[in-house]
Amino acid sequence: MKKFFACLLLLASWSTSAASDLERSGDVLHLLIPAAALGGSLIYEDGYEGAWQLAKTGVVSRLVVEGLKYTVDKDRPDGSGDDSFPSGHTADSFAAATFVQQRYGWQWAIPAYIGAAYVGYTRVESDKHHVEDVLAGAAIGILSGLYFTDPYKGITVTPIVGNGNYGLYVSGKF
C-alpha cells in the first residue's frame, strides 16, 4: 500500500515542473488522495466498512464546507468569486489523509498528509485562497476524519508531543 501512495504522489508531483502548472497539480492531488484512500481500503480490507467510513468523512466535510461558503461571503485573492472561505480542496484532502491515519496508522498517512499540505500550499500560491481559508479547510477535514473513522483491526498508535514530552499512545481492543 505504501508503494501505491508513493506512485500516486509521484504522478501528481510530475505536473509541478512549471509554475503555471502549480494549481493544476494541486487539483490533481486533491482527487488522488481520496481515490488512493478508497482504492487502498477496497484492496486492503474485506468488506466495505472502511469505504463507508471514508464516504461519511468526505460527505460531511464537504457539506460543512459548502454551508460555510454559502453563508460567509469572502472574496478570493484573485477576485474570481466570493466563496473563498473555507478551502474545499484542502478539506477534501485532509479528510482523506485523516481517514488513512485513523484507519491504518501513521506509516500510511505520512505521504497523504504531505500531499494534503501541498494541496493547501497550491491553493494559496495560485491565489485561490487566503492562508486562513486553507487552515479552516484542513481543520474541517481533520475533524470529520477523526469523528467518522475507526481503526482497522481495532488498534491505533498516536504520537503525543507537548510540554517537552514525547511518546506514543496505543489504544485498542485486545
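**Stop 1: a surface patch.** Select L38, L42 and Y48. In this predicted model, these residues form a nonpolar patch on the surface. Together L38, L42 and Y48 have about 320 Å² of accessible area. L38 sits in helix 2, which covers residues 22–44. Is L38 buried, partly exposed or exposed? With a relative accessible area of 34%, L38 is partly exposed.

**Stop 2: a buried serine.** Move to helix 4, residues 88–104, and pick S93. Here the relative accessible area is 0%, so S93 is buried. Which residues does S93 contact, once neighbours within four places in sequence are set aside? Show H30, I33, A116 and V119: S93 is in contact with each of them.

**Stop 3: the aromatic rings.** Next, colour the aromatic residues. How many aromatic pairs does a search of the whole structure find? The search finds nine.

Begin with Y44 and W108. Their ring centres lie 6.5 Å apart. Their planes meet at 55 degrees, so this pair is tilted. Follow the chain between the two: Y44 belongs to helix 2 and W108 to helix 5, residues 106–125. The pair links distant parts of the chain, 64 residues apart. Y44 has 41% relative accessibility and counts as partly exposed. W108, at 15%, counts as buried; the cut-off for buried is under 20%.

Then select F99 and Y104. Their ring centres are 6.0 Å apart. The planes stand at 85 degrees, so the pair is edge-to-face. Both F99 and Y104 are buried.

Y44, F99, Y104, W108 and Y152 form one aromatic cluster.

**Stop 4: a strand.** Go to strand 2, residues 165–172, and select Y169. Its relative accessible area is 47%, so Y169 is partly exposed. How far apart are Y169 and P159 in sequence and in space? They are 10 residues apart in sequence and 6.2 Å apart in space, C-alpha to C-alpha.

**Stop 5: confidence.** Colour the chain by pLDDT. The mean is 86, and 82% of the residues reach 70 or more. Now select residues 14–19. There pLDDT stays under 50. For this stretch the model has four contacts beyond four places in sequence. Where pLDDT is low, the predicted coordinates should not be read in detail.

**Stop 6: the whole chain.** Zoom out and switch to the cartoon view. The chain has six helices and two strands. From the N terminus on, the elements run α-α-α-α-α-α-β-β. Of the 174 residues, 42% count as buried.

Finish with the surface. The accessible surface of the chain comes to about 9500 Å². Carbon and sulfur atoms hold 64% of that area.

Note on methods. Residues numbered from 1 in each chain as written. Predicted model: local features only at pLDDT ≥ 70, side-chain atom pairs only at ≥ 80, totals over all residues. Heavy atoms only, no water. Patch = residues over 30% accessible without salt bridge, like charges linked within 9 Å, V, L, I, M, F, W, Y side chains within 5 Å. Areas by Shrake-Rupley, 256 points an atom, 1.4 Å probe, with all protein chains shown as cover. Salt bridge = Lys/Arg side-chain N within 4 Å of Asp/Glu carboxyl O. Helix = DSSP H or I, 4+ residues; strand = E, 2+ residues; numbered from the N terminus. Buried < 20%, exposed > 50% of the residue type's maximum accessible area, 1.4 Å probe, protein only. Contact = heavy atoms within 4.5 Å. Phe/Tyr/Trp six-rings, centres within 6.5 Å; stacked < 30°, edge-to-face > 60°. pLDDT = per-residue confidence, 0-100.
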